[in-house]
Every structure is written in structure tokens, then in C-alpha cells.
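I set out to record what I looked up in this structure, entry by entry.

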Amino acid sequence: MRLAEKLRRLEVFPGELAVCWLGQAGFFLKDHQGNTLVIDPYLTNCGEQIRGFKRISPVLMEPEELAPDYYITTHLHFDHFDYDAIPVIAQSTPESLFLGPSSCQEKLLELGVKRRRRLDRGETYQDGAVLIRAVTADHGDMAPDAIGVLLELGGHRIYFSGDTAFHKSLCLEAAGFKPDIAVLSINGRFGNMNAEEGACAAGLCNAQYAVPCHFWTFMEHGGDPGAFCQYLRKGGRCQPLCFCQGEVQTINEKNELQYRKETA
């Protein structure tokens, strides 16, 4: 069974939130009411065409299979803003709401995406299902309006750092949100935190679990999740949580993790 079909069939119980790593910095979330959200999914090979970065990880699903209620892009780089996938998703699932900073909104408009919502730093989107708040990320001149995301869905709170250098102030802003999970880019190149900095950020965020991401998709990117886990275990209460691509884990109302077998 294909991953997209497994995610559609996945039963999420009240108080739970299901999380699936789609590779690179991409994640799929589903709550018990069936609301689905993705952030920065990279589903194609557009990076090889744009920058010559050959994908070395598998493509887990076709764009038209994704069909999320909410689609967040943190900045315009191709592995976060998938130039080939987004028009397909917008056409096949016209009810999807695309959120992201101004630079992404301009490109979404250019690509003909109709359901859009600007989400610059300090701005919040909220409805009956989800709360999404954009916070600062420092990705330098490469993406000057890049954002991190504070997200509440299914009764759980998650901090996505997006692509960013390490700054204590960013972590403390996230800590104020009291996230259950912190998801951190740790590849240590192109302006991002390395494994040690990511572990330090996880501790400062005061989350119960820390998920490393943004590695093993391109040879050029680097990244060492093993080192991240070793550094994190030297710290406080925050526990490392590593996914294989396509793996689903569910966090329940007691913030306990439950492994699901829905793995590509």
C-alpha cells in the first residue's frame, strides 16, 4: 500500500496527533478530526533541474496524492517550496490553504494558487482546527524573510525551526510557546545549525522531544542525526526522536509516543 493511502486510512484517536516525516524538512500531521497539515514537503526532483542537487532519498508520494488541508512553506528554497509539486497540489486539491511569508505568497500567485494566506514573522493564522504562528528564522541573505513556525493541532504544540542559524533568542521565543516537540534543521551547512547547535537549541526550547531533519536528501547538504542524539542525551529532559522517511509516530494526550507501522 502506498504511503498516501496509509495516511488517509490512519486512525487518530482523540488527544492524539500523528506525525510523519516526508524527508528533508517535510512533515505531515493529522489530528483525530482528520485535519491534515504539511510543512515544507519536497516531493519531486525539481532541485536537480534548478541547482543540480540530485535527490538521493526516495520520493514517497506523488504530489496529487498529498491533498492536505493546510500547506506551509517556510521560505522559497526549492526543497521547502517545491516548484513542481505545488501547482499540481493546488489544482488537484483546490481546498488546500497555502500559507507562507511574502516571498512565497508572490510565487504562489505567479503559479496560479488561489487559496493563499500571508504568514510573515509575527503573524498568526487560526481557525477552529489549527493555530499557526510565524516566528523569526535566520537563513541570512539567501532567504531574508524565512520563518520558523509554532503550531498547535490536535491539542499538541510543535516548533519547526525552519532553516536557520543558531540564536539563543529564537529558541527562547519557541520555549514561551511550550512545545511538546521541537523539529530542527541540523545539517550544518548553507546557514543552518549543526548537530551540536541543534541539540543546544532543543534544550533551550524546553520541548519533551526533539526531531532532527534536513539531512540525507542531497549529498551537498550533510547532516549527522547520530551526533545530534548524542549531544542531546548529554543535556536535560529533552529526548531525541528520529524518524525514518515515511515513518509515522503518534503522540497521545499524556505526551507519550506510540509507533505506528505506516512506513513507506
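**Entry 1: the sheet.** I began with β8 and strand β9 (residues 147–153), which run antiparallel and are joined by seven bridges. Helices (H or I, at least four residues) and strands (E, at least two) are DSSP runs, numbered from the N terminus. Within this pair, I132 stands opposite L151 in β9. A hairpin of three residues connects β7 to β8, and T124 has R133 in β8 as its bridge partner.

I noted the basis of these values. This is a predicted model, in which local features need pLDDT of at least 70 and side-chain atom pairs count only at pLDDT 80 or more, while totals for chains, interfaces and linings use all residues. Residues are numbered from 1 along each chain as its sequence is written, and side-chain values use heavy atoms, with hydrogens and water left out.

I then followed the whole sheet. It is open and mixed, with seven strands in the order β7-β8-β9-β10-β11-β12-β13; two strands pair if DSSP finds at least two bridges between them. The edges are β7 (124–126) and β13 (239–240), each of which pairs on one side only. Strand β10 (residues 156–160) and strand β11 (residues 181–185) run parallel, with three bridges between them. There, F160 stands opposite V183 in β11.

Entry 2: Is strand β8 (residues 130–136) mostly covered or mostly open? I found five of its seven residues buried, hence mostly covered. Buried means under 20% relative accessible area, exposed over 50%, and partly exposed in between (1.4 Å probe, protein chains only).

I next looked up the largest nonpolar core, which has 55 residues. A nonpolar core is a set of buried Ala, Val, Leu, Ile, Met, Phe, Trp, Tyr and Cys residues joined through side-chain atoms within 4.5 Å. F27, L29, L37, I132, F160, L184 and F228 have the most contacts inside it. A second, separate core has 25 residues, including A4, I89, V113 and V248.

For L184 I listed the contacts (heavy atoms within 4.5 Å). Leaving aside neighbours within four places in sequence, its partners include Y159, M193, P212 and F228.

Entry 3: The largest pocket has a volume of about 200 Å³. I used a 1 Å grid over the protein atoms alone: a pocket is an open set of points where a 1.4 Å probe fits, with protein on both sides within 12 Å along at least five of seven lines, and lining residues have an atom within 4 Å of a point. The volume is the space filled by probe spheres set on the points, which are joined across faces, edges and corners. Of the 15 lining residues, R51, H77, F78, D79 and H221 are the closest to the centre.

**Entry 4: single residues.** K178, in the loop between α5 (168–175) and β11, has a positive phi near 60 degrees. K178 counts as exposed because its relative accessible area is 66%. F190, in the loop between β11 and α6, has a positive phi near 55 degrees. F190 is partly exposed, at 33% relative accessibility.

R233 lies in helix α7 (residues 225–233) and is exposed at 60% relative accessibility. E196, in helix α6 (residues 195–205), is partly exposed at 47%.
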